[in-house]
Amino acid sequence: MSNRQALIRNFAIIAHIDHGKSTLADRIMEMTNTVSERETEAQLLDDLSVEKAHGVTVKSRTVRNYYIDNTGTEYQYNLIDTPGHVDFNYEVSRSLSATDGVLLLVDATKGVQAQTVANYRLAKAANLVIIPIVNKIDNMAAEVDKTIEELLDLDDSFREEDILKISAKSGLGVDAVLEAIRDRIPAPAGDESGKLKALVFDSKFDPYKGVIVQVRLFDGQLKSSDNVLFMANSIKSQIKEMGVFSPLMTPLDTLQAGDVGFIVTGIKDARAVRVGDTITLANNPVATPLPGYEDVEPMVYAGLYPRGSEFKDLKIGIEKLGLNDAAFQYEPEQSEALGMGFRGGFLGIFHLQIIRERLQEEFGLDVLTTMPNSTYRVTVKNEDEPLYVENPIQFPDYGQIVKVEEPFMLAKMTLPNEMLNDIMRLAEGRRGELVDLATIGSMLMVTYRMPISEIAYDFFNELKSASHGFATLSTEFDSYQESDLVRIDIAVDYAKVDALTFVMHRSKVDRVGNEIVSKLKDLIPRKLQSMPVQAIVEGRAISRADVPPLRKAQASGTKVSKKQQQLRRQGQKKSDIELPQAVFDAILDMNSN
Ligand SMILES: Nc1nc2c(ncn2[C@@H]2O[C@H](COP(=O)(O)OP(=O)(O)OP(=O)(O)O)[C@@H](O)[C@H]2O)c(=O)[nH]1
């Protein structure tokens, strides 16, 4: 380790949502004079307006701070911000791989929660030094001793005297945090004179500057005049600009082993650069890249269709968002009922919601989203390879199916003891299978294996309301498992409406079928004639209700002839009804109960 490196610390703050991560980050930037107190009022790390609305950090950003300790020595503190919501766990692992240690922050009014445990495990798995911190000790409701007990329970290598107690809000105890970062987190130890090896841990697309990556240099050094090679796709690029966020972009001529910084590449295709990739020098490359990350797979899919705007405008909006958010995948699709649109792949319902809001806020686009679904793995007769179905409309005919599997997650929930029965009922109503039950302090940690589809339909909110806000959730992929899933088609006036097709477990089909047709009969715009709404499963109508006709006074068109009615009944005709968003919301509601 060089003298220069001895003065660098790369760390992140990990915490359950709302436990005070952004507040502590602000305090650290303020106490190291990176920003003034007035500036932190705007919570600089949360810079997207959607993040403001949801009060969560979606995109990570790294900030370089300079800390001068009590001996007058100046350290470089690179603080890497991590996202806090379950849907964004993969981004946490990414940011962690650029650090050498973490601050594990726990709100003393809430104690250790599901995401505290999940994040702790990610840090442990990455072999990072963990500094446990109890936050919000100024709050009247703080239970400091209980929270310390829970932390000791979480990791028996923690010692009570090492747990820091702070108020990120007032700054009380934050001095000790700054000292602990210096004393406990190791300085980086890369070879400054070796060949360049830098990890891309974040990537962002800027329409003017091209792809901007955030990197951690493990070995070697980088000059702003260098030509770099992105090893995964063998793409070469001249560096346009490089430097650090402090917190605004600050240009630098050199970055060296141990440093964290950004590079503006000028590469115009965001998909060419992968997070987890290794950067080396084009004219003096290393032989082997750093171990990368696994690709992120979408968990849920939904159709996105323009409403009151043109398909081409939606296309522009979606492509731009796709450049910025590699976890958001999409491809064009055509629906008979809704016209041209896209099938989007998302990390979860929350991610879907964010994309929808960003389309609205950043591009002024009103978007209709269809019912979300997960991937289904279907084995069909006379085929060796199973089909991966991402759109219910492609779910094979029941006569062809040998077996259907769907992805299952492990859902880890922490909750107070007395809520166990309610939560078990909720999880079991969603086809959950209990796999583990453990205690952390006074809380229970319950693990269920559950289909993604059941978690995706608003399970998080249900869990919150069933537990009066006390229970928390973290999820991870488990495996594909066989499920008795069937396809439900909805026909209005004897014409199937493709956009309303969905897949669900057989045990729920009768109930949901009945509820859906009775809701749809009120939501589908009326016509001159009455129209039957049917739910069809395996070739059979399992329920039916009729949309009443418009009353004469409301009717403006001409009457439908007997002949036309007859044609409709015989027919494989196209549906021409208009589908309001409420129709899709009603189906989603029913699936989630
Ligand atoms: N009383 C008190 N409140 C605090 C303290 N630290 C944070 N808060 C409050 O707790 C709430 C959540 O704090 P944030 O810093 O936004 O939490 P976060 O963990 O960054 O949240 P996400 O980015 O959404 O994960 C805010 O209302 C803060 O003002 C503290 O030390 N004492």
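A: In this protein, 71% of the contacts with a separation of 6 or more are between residues 24 or more positions apart; a contact here means two C-beta atoms, placed from the backbone, within 7 Å. Keep in mind that this is a predicted model, where local features need pLDDT of at least 70, side-chain atom pairs count only at pLDDT 80 or more, and totals for chains, interfaces and linings use all residues. Numbering starts from 1 along each chain as its sequence is written.

The secondary structure comes to 16 helices and 31 strands, taken as DSSP runs numbered from the N terminus (helices are H or I, at least four residues; strands are E, at least two).

Six strands make up an open sheet with mixed pairing, in the order β2-β3-β1-β4-β5-β6; strands pair if DSSP finds at least two bridges between them. β2 (62-68) and β6 (164-165) are the edge strands, each with a single partner, so one side of each has no neighbour in the sheet. As a reminder, strands of a sheet pair through backbone hydrogen bonds, either parallel or antiparallel.

Now take β1 (8-15). Eight of its eight residues are buried. Ile 8, Asn 10, Ala 12 and Ile 14 point one way, while Arg 9, Phe 11, Ile 13 and Ala 15 point the other way. β1 runs parallel to β3, with five bridges joining them, and Asn 10 has Asn 78 as its bridge partner in β3. β1 also runs parallel to β4, again through five bridges; there, Ala 12 is partnered by Val 102.

One of the pairs is Ile 133 with Leu 164 of β6. Helix α7 (residues 144-154) packs on the sheet and touches β4, β5 and β6, with its direction at about 160° to that of β5. Helix α2 (residues 21-31) lies across β1, β2, β3 (74-80), β4 (101-107) and β5, running at about 155° to β1. For these angles, axes are lines fitted to C-alpha atoms (for helices, over the stretch in contact), and values run from 0 to 180 degrees between N-to-C directions.

Here's where the database record comes in. An unreviewed UniProt entry marks a "binding site" that covers Asp 18, His 19, Gly 20, Lys 21, Ser 22, Thr 23, Asn 135, Lys 136, Ile 137 and Asp 138; the positions are in the numbering used here, feature names are shortened, and annotations may be inferred rather than shown by experiment. Take two of the annotated residues. Ser 22 lies in α2 and is buried, because 23 other C-beta atoms are within 10 Å. Asp 138 sits in the loop between β5 and α7, and counts as partly exposed because it has 14 other C-beta atoms within 10 Å. Setting aside neighbours within four places in sequence, Asp 138 is in contact with Ser 167, Lys 169, Ser 170 and Leu 172.

Definitions and conventions: A residue is buried if 20 or more other C-beta atoms lie within 10 Å of its own, exposed if 12 or fewer, and partly exposed in between; C-beta atoms are placed from the backbone.
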